[in-house]
Number of protein chains: 2
Amino acid sequence: MDYFFKPGSIALIGATAKRNKVGYAIFMNLRKGFTGKIFPVNPGYKDIDGVTCYPNVSDIPEPVDLAIVFIPAARVPAVVRECSECGIPGAMIESGGFAETGREGQVYQDELKRICDQTGIRIWGPNCMGLFDAVNRRIFSFVLPAIWKDGLTPGKVSLIVQSGMLAAGFLLHNMTHGIMGISKACSLGNKVDVNECDVLEYLIEDPDTEAIGLYLESIVDGRRLVKLCDNTDKPIVVLKGGKSEKGAAAAMSHTASLAGDSAVVSSVLAHCDVVEANDFQQMMDLCRTLARYPHIRKQAPGRVAVLTYSGAAGIVSADFIEGMGHELADLAEETLSSLKGVFPEWMPVSNPIDLWPAMERHGEETVIQTAVKAVCSDPGVDAVLLHQFVRDAKSTEILSRHAETIEKTGKPMFCWLMGRAPNTLNAQAMAAKKGIPAYKELYRAVECMAAVMRIRQRPKNDTVLNLSGMPDTKLPEPLDNLLRTGTGVLDEHVSKKILSGFEIAVVDEALVSTVDEAKASSVTLGFPVVMKGLLNGEVHKTEKGLVHLDVRSKSSAADVYGSLWQTMGAQGKIVIQKTIKGDVELIAGLVRDPQFGPCVMCGLGGTLAEVLADTAFAVAPVNRTDALEMIARLKHQALLNGFRGARPVDRIRFADILVSIGTLGTIYHRIREIDLNPLIVTEGIPVAVDATIILGDEPSL
Amino acid sequence: MDYFFKPGSIALIGATAKRNKVGYAIFMNLRKGFTGKIFPVNPGYKDIDGVTCYPNVSDIPEPVDLAIVFIPAARVPAVVRECSECGIPGAMIESGGFAETGREGQVYQDELKRICDQTGIRIWGPNCMGLFDAVNRRIFSFVLPAIWKDGLTPGKVSLIVQSGMLAAGFLLHNMTHGIMGISKACSLGNKVDVNECDVLEYLIEDPDTEAIGLYLESIVDGRRLVKLCDNTDKPIVVLKGGKSEKGAAAAMSHTASLAGDSAVVSSVLAHCDVVEANDFQQMMDLCRTLARYPHIRKQAPGRVAVLTYSGAAGIVSADFIEGMGHELADLAEETLSSLKGVFPEWMPVSNPIDLWPAMERHGEETVIQTAVKAVCSDPGVDAVLLHQFVRDAKSTEILSRHAETIEKTGKPMFCWLMGRAPNTLNAQAMAAKKGIPAYKELYRAVECMAAVMRIRQRPKNDTVLNLSGMPDTKLPEPLDNLLRTGTGVLDEHVSKKILSGFEIAVVDEALVSTVDEAKASSVTLGFPVVMKGLLNGEVHKTEKGLVHLDVRSKSSAADVYGSLWQTMGAQGKIVIQKTIKGDVELIAGLVRDPQFGPCVMCGLGGTLAEVLADTAFAVAPVNRTDALEMIARLKHQALLNGFRGARPVDRIRFADILVSIGTLGTIYHRIREIDLNPLIVTEGIPVAVDATIILGDEPSL
């Protein structure tokens, strides 16, 4: 991708000398920052502002690394083909008029795709704002050249977005307000070829980038995305548009792209330690924070010292910190005695640390310095939340002095600012310069702090998509064959045989085909038993009257047998199962997601699964570590930890069920869906009481 | 309260001529704005800046309406007594050194309380920043006089806060940034006498106030607060500090006040249509929005038109709108055709309305004006969400022109701003001036819009605390007596008798005292039956082995009888109940909250009640309308609407149970707790299967 990010020479196709045209804006931006050769292409000019202009790409006498294209869509395919014939390895197409405009544009876009496939030229766009590299001053974009005047703040955050307008808006907003510098911003547009994974891979290796933010409406290659995110320590923040139904509808019409099920996307990315954002400015705040401080990979809640001048703000801070799973630090003796040195005698020192009464005696500066130094040196403090009221320029000065303490102690500090305009704005910009992330809202400050102190149940770079963790299990040939060549819904009995073959505990059961067998099996299994009728393709057994619970005698078993046989019209199978009474019900399964391929799911619930809506996903296959992390991500942990006096759920066994499910989905490409619901937990052990495997008509990813 | 809010004359006790002292700041603030007479009191001066100073309050030759007191705590009680002797009706005590500093301060505070009670003088404070009235320029506070220079923006939002520092910080921040004007800000401090209800009552009647924000750590009189909030149409926003456990601990140590169970507080206030805030700046944004637009009291989702120049921002807006229970408006034919007039041909018009391609052809101004007019005139649009990118001063001008359209059509508009600094800041301030609320974050814009379009299940001014809706029921004398004079835990059988007396359906059951009675009753009730042993004071029957489910024969009943009798050591009662199989389990009850008195609770759950944590509260008594609103506030409505094919829960019957519970709690002041769990719902009808009433040792509020 170097020819996109650091080309030696650029052909600008569609350059113009008309000052108010986009083709001139791109030209100006190139001339202002790009240090390589620029070859404007336009048959209408001999030169533009003194730079030789060529009628065609093929007329350029020197090698070209990158073509930037801004001409009407109808002419783009021919020109790109010409580029490829001239040996240009990459084309960045910024003009619109493609798939986003309807059928005609789609034809041009399809043609571009074909050219890519045939010639090997890489295409970035179309319908995008290109690349914006503030560190290396490479603006390959039609963003207004005015940006050079007041907004080109280099920094360590890189962004990947589909939409161009959005990127431009946010760059300007954040950079001109002095809140955040930018390394690279990449606007990808319709993604006919270069997609978010290509660019993400590049940025992960980019030494100028410390944190990466992605705004995505569609995900082109979910599994590659997961792999990239999981194999890097660089913080990645994702804002996924199109979560609600209407939102998803808007996504369809906007980019003609598929917005995946948001629960799957969020959960699968969380498994890889991706930070999820919900709003644009919040994403920027998360990015700048994570670019400043590396993740503190905690297994336990982070311990926070809160410095405030208002008891009320301390109370609300404590609410937020606890609400996000972290805690107020217990201060060390040494810290307490430093603080007692400036506190009035009547006031006990406690965290949140209310500095106001101390400030009234010793002045703001002394007290804040003392307190910051004390808590930063406290080994029991993981992070410092500082409230700073900005009165005047002096406040900014006091604030900026903490930079040294942070540097020396390595403790991350997060600062909530409020006060007089315009001093607050200056203070925020100054703090940013000094490497102290500052925020205008308390919740945002705590939220960004929590993103830095994420609690991890599973190491990075561990195992994602690693098949070596899969159990070495073989199914008997007929079942193996069925999974390789079958289609449609497999009935409960067959599904459970397959699951047993993968070492998943299922309820004891027997297939019976006469009344006598029914009587005998029910005696063997022990009363009360459950009797079910299995009809080909039928998944709603309860609703069809095919499930009889609590059958308590041989004669009842015979009656139920007769009645089931009748209900089913003398076809299908009848199965008798042991009754299992459990403490808790779980659910587990597999879906084949259009963006992420096979994904393992675990959840809480049984009959209340939809109500609790408490599930976790990860891309299959998963190993035991992955699976344990999924279980740990479920919200209602109380149900797993020995609910109402029951024995806790055996997490290893539950995890191994997920491992097996993931393996099945990985080996057998026809499996579209696996559903174990409920898994009833007795004495801690989960057992599958009902199960369905659904096969597709074709094998798929 | 007029002598606090608009006194004709003020004595300032603790006035000083020392420029850097608090006593001078108050003096200066009075002189700058207050138009009545000012009498500085300090034996050390003859005059201060030319204003005659008096050695004592009693030396003032004219009547005084209000004393503002800033002297050391130890001397305050004597001075306040003197004030009262001089006939001054109110004292605002701004000095600290009272309960917040420990035992000695508590003594002074107790003395103040006593003076109040004995003399009838009203006391505001101590330990507060007093009153700040920007509209009438009455600053009865030691806030830095610099505020007159750059920050005194009058507006329609009034605030009530405990903490002084916080109030000052936020006033400055919001006013100097031009985001919000203020009517009155009231800092109440330790609330020895004047409390949030006194001030709220005044502000509800205040013609200068359109919306009221309260930051509260403790609530002095919950029932009065509820009544005030419920009887006004003025929007009220509450931020309650001390929600988490640690937060609550901080609240204790900060104000030595009781932070109520946050679930109760939130839910009880939601019943009265109070808007709950979580963060400080968010509270200010909610307040300024609600001061600008009256509540649109919708019974259904609000229909929103989104105007954007970025498809991505449109998608995320749709996500937020749907996530808050509202929806994207279906645009009328006329609106569509107006928009088609500026849209490029290839682009279908849909909501969110992406204006960018149209702007590229016709310019920003024309397109935005056209679109704003079209959607504001659309009868199917309840509110407009406008995204505005601020490029330059022109953008601000375009924005401010919408004011007229809003005024004419009465459609509320909410504007999300981003762009170049400092233009965005100017644009936000200008929009505020023109009456267009603008926000810097998209989520906040939607959140404030949702606060305006709150969905109501119950009219305001309806019935809160109105006993006339209570059922006219009388208990038999022994039960009535028990509730009036008894104490401790009432057993299940007695509790259910009382509940039946209030027309609550309970499970059929029989008390038995011999094996033969057990056999006979179990036959009458019909197998299988449930048998329970009731021991005096025992509430954990299951854990003590006192519950036997599924007793299926006379002989089993006899066995269980014997075994229970043995377990209980031949004391207590044995009860036999019909087995009820239900579709859904509910919970209902009553708590006597220290802040709100008796509160009725309804919830979902049975055994999973704690996991679902889905409850609603309202202050008792409640009538059927109240109760239906509580039920409608439960989150998992799917469980009530015919879950998994069951019959929907009969809401009227469920509501009437809540009405009865509330009546019981209102009539019988000894009832501390009522617990109906589970209420099992069969064929839609909820029946109490287990119940407990707990009495206190003393009757209470």
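# Exercises on a predicted two-chain model

F280(B) is buried, its relative accessible area being 3%. The exercises below concern a predicted model.

**Exercise 1.** Determine which kind of aromatic pair W416(A) and F280(B) form, and where the two residues lie.

*Solution.* 
1. The ring centres of W416(A) and F280(B) are 5.8 Å apart, and the planes make an angle of 20 degrees.
2. Ring centres within 6.5 Å count as a pair, and planes under 30 degrees apart count as stacked; the pair of W416(A) and F280(B) is therefore stacked.
3. W416(A) belongs to strand β19 (residues 413–419) of chain A, whereas F280(B) belongs to helix α11 (residues 280–292) of chain B, and the pair thus crosses between chains.
4. W416(A) is buried, with a relative accessible area of 2%.

**Exercise 2.** Classify the pair formed by F5(B) and Y202(B), and state which parts of chain B the pair ties together.

*Solution.* 
1. The centres of the two rings, F5(B) and Y202(B), lie 4.0 Å apart with the planes at 5 degrees, so this pair is stacked.
2. F5(B) is in helix α1 (residues 2–5) of chain B and Y202(B) in helix α7 (residues 196–205) of chain B, so the pair links parts 197 residues apart in sequence.
3. F5(B) counts as buried at 1% relative accessibility; Y202(B) is buried as well, at 17%.

**Exercise 3.** Describe the open seven-stranded sheet of chain B and identify its edge strands.

*Solution.* 
1. The strand order is β9-β8-β11-β10-β12-β13-β14, and the pairing is mixed.
2. β9 (138–140) and β14 (275–277) of chain B each have a single partner strand, so one side of each is left without a neighbour in the sheet; these are the edges.
3. Neighbouring strands of this sheet are turned by 20 degrees against each other on average, direction ignored.
4. Within the sheet, β8 (residues 130–133) and β11 (residues 182–187) of chain B pair in the antiparallel sense over four bridges, with G130(B) opposite S187(B) in β11(B).

Methods:
Residues numbered from 1 in each chain as written. Chains lettered and ligands numbered in written order. Predicted model: local features only at pLDDT ≥ 70, side-chain atom pairs only at ≥ 80, totals over all residues. Heavy atoms only, no water. Pairing = 2+ DSSP bridges. Axes fitted to C-alpha atoms, helices over the stretch in contact; angles between N-to-C directions. Phe/Tyr/Trp six-rings, centres within 6.5 Å; stacked < 30°, edge-to-face > 60°. Buried < 20%, exposed > 50% of the residue type's maximum accessible area, 1.4 Å probe, protein only.
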